[in-house]
Amino acid sequence: MSVVHHLPPGWLLDHLSFINKVNYQLCQHQEPFCSKNKPTSSVYLDSLQPDLVSPFGTPAPCFAPDSTTVLDKEDGGSCEVITQKYVFRSELFNVTKPYITPAVHKKDQQSKKDENLVTGEKQEVSVSVGKKRKRCVAFNRGELDAMEYHTKIRELILDGSSQLIQEGLRSGFLFPLVEKHDGISGRITLPLDACNLSELCEMAKHLPSVNDLELQTLQLMGDDVSVTELDLSSRIIENNSSFSKMITLMGQRYLLPPKSSFLLSDISCMQPLLNCGKTFDVIVIDPPWENKSVKRSNRYNSLSPQQIKRMPVPKLAAPDCLVVTWVTNRQKHLCFVKEELYPSWSVEVIAEWYWVKITNSGEFVFPLDSLHKKPYECLVLGRVKEKTALALRNEAVGTPPVPDQRLIVSVPCALHSHKPPLAEVLKDYIKPGGQCLELFARNLQPGWMSWGNEVLKFQHMDYFIALGSGPD
């Protein structure tokens, strides 16, 4: 379970546990003793031992079977079943200390002057730039709005997080820093982007087009599947088996969890998703919001608010669909979601939740009152508006109302934009067996449809290790 503790303020989550509870187990059938039947897969076991170099700078994890079973067949032959289990790299969740320490933050704030948020007067802060003389910087309207919003929710974040963190410390899930074993902390070497998935989506636009009537879902059948770029751009890919699948794409290998499906495309190629014959009872959206940091880093392509507004959410949403949108701490984006985006989709705002990011010892990753970065992000939850008769019928189904002002507290992954899982905290607020969709996803989940131009990003083999082998 990813939910470690559930208290009135919200949930303490274990993101790593959620990933590893997925059955990332590859199963390969070999028939070395059977002369009557030929193997059905065109990819053999040695193809699961890539000779690629991991972005960590060492050879990529190899396929080292952790179990082998020989099954007798009715025709007298034998079938050898080889399995290997993979887990996510735990060091990617080793956040042992804050990104900015409170001492550094306090020094940065010493020159701050008082400001009257009620009158809306601009606050001037004296800052030093290198060895230059100190100068005064006036906050703009957006920054003042963000400060006012923070003032309103500060006690909620502080008190609610404290309860969940204390419970985590009592249970041993979180631990005081002095109890951390030596040699585990330290700088984490992050893998590079071995395959630029967004560029692949752009390239796929120039491949021969496929008639919309032929856009059928591609179900992965073999033990290891090489998927062509045309298949990826024109079809939803499904793994309906109880085991993981490994696919090869442009020389890079990705693990697909069981019972998962995805479409790798950008917003110009969403037709396969619209034609799949499904509507969804929960839609989680993590838009690539515009901001200065993204422009400077060129980390990913952002979308303008108007482009996000044109997303075909109304066509994808089932009646009474729960829509959840991740929003940055920029007030302009939060107001846009609540006042313009959701109304345009006929979605009624029902709650705001907050993801609070902490270290393994329970400290905020950023000082709570930092002017630059906050240790929390906002989620806006809404329901698709319904006609009165249908709404009354759905009330009889018995899904409880979504509570407002709840916290999701977790240790963040070191990988940028790897958000915590929402499946277990949302399950009580959607009907049993409901269809689930994530838009702008960067990883896959069992039982979910995932879409985005980087939808396989965190499924790359370099983020996993085989059980029985240590980190590379």
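Student: Which residues of α3 are buried?
Tutor: Leu 144, Met 147, Tyr 149, His 150, Ile 153, Ile 157, Gly 160, Ser 161, Leu 164, Ile 165 and Gly 168 are buried in α3. Keep in mind that this is a predicted model.

Student: OK, and what do those buried residues pack against?
Tutor: They pack against strands β1, β2, β16, β17 and β18, plus helix α10, which covers 331-344.

Student: Where does α3 bend?
Tutor: At Ile 153, by about 50°. Ile 153 is also one of the buried residues in the helix.

Student: How far apart are the end C-alpha atoms of α3, and what span should its residues give?
Tutor: The ends are 44 Å apart. With 31 residues at 1.5 Å a residue, the helix should span 45 Å, so the two values agree.

Student: What's going on at the ends, then? Which residue caps the N-terminal end of α3?
Tutor: Asn 140 does, with a side-chain oxygen 2.8 Å from the backbone nitrogen of Glu 143. Just past the other end of the helix, Gly 172 has a positive phi of about 90°.

Student: Switching to the sheet: what's the strand order?
Tutor: The order is β1-β2-β18-β16-β17-β15-β14-β19-β20-β13-β10-β8, an open sheet of 12 strands with mixed pairing. Its edge strands, β1 (3-7) and β8 (218-219), each pair on one side only. Helix α3 (residues 141-171) packs on this sheet, touching β1, β2, β16, β17 and β18, and its direction makes about 50° with that of β18.

Student: How many bridges join β8 to β10, and do they run parallel or antiparallel?
Tutor: Two bridges, and the strands run parallel. Leu 218 has Ile 237 as its bridge partner in β10.

Student: New topic. How many residues of β12 are buried?
Tutor: Five of the five, so β12 (residues 252-256) is largely enclosed by the rest of the structure. Gln 252, Tyr 254 and Leu 256 point one way, while Arg 253 and Leu 255 point the other way.

Student: Which way does β11 run relative to β12, parallel or antiparallel?
Tutor: Antiparallel, with five bridges joining the two. Lys 245 stands opposite Leu 256. The pair forms a hairpin with two residues between the strands, and Met 250 in the turn takes a positive phi of about 50°.

Notes
Residues are numbered from 1 along each chain as its sequence is written. This is a predicted model: local features need pLDDT of at least 70, side-chain atom pairs count only at pLDDT 80 or more; totals for chains, interfaces and linings use all residues. Side-chain values use heavy atoms; hydrogens and water are left out. Two strands pair if DSSP finds at least two bridges between them. Helices (H or I, at least four residues) and strands (E, at least two) are DSSP runs, numbered from the N terminus. Contact means heavy atoms within 4.5 Å. Axes are lines fitted to C-alpha atoms, for helices over the stretch in contact, and angles run from 0 to 180 degrees between N-to-C directions. The expected span of a helix is 1.5 Å times one less than its number of residues. The bend at a residue is the angle between axes fitted to the seven residues ending there and the seven starting there. Buried means under 20% relative accessible area, exposed over 50%, partly exposed in between (1.4 Å probe, protein chains only). A polar contact is a pair of N or O atoms within 3.5 Å; within protein, one must be able to donate a hydrogen and the other to accept it, and residues adjacent in sequence count only if both atoms are side-chain atoms.
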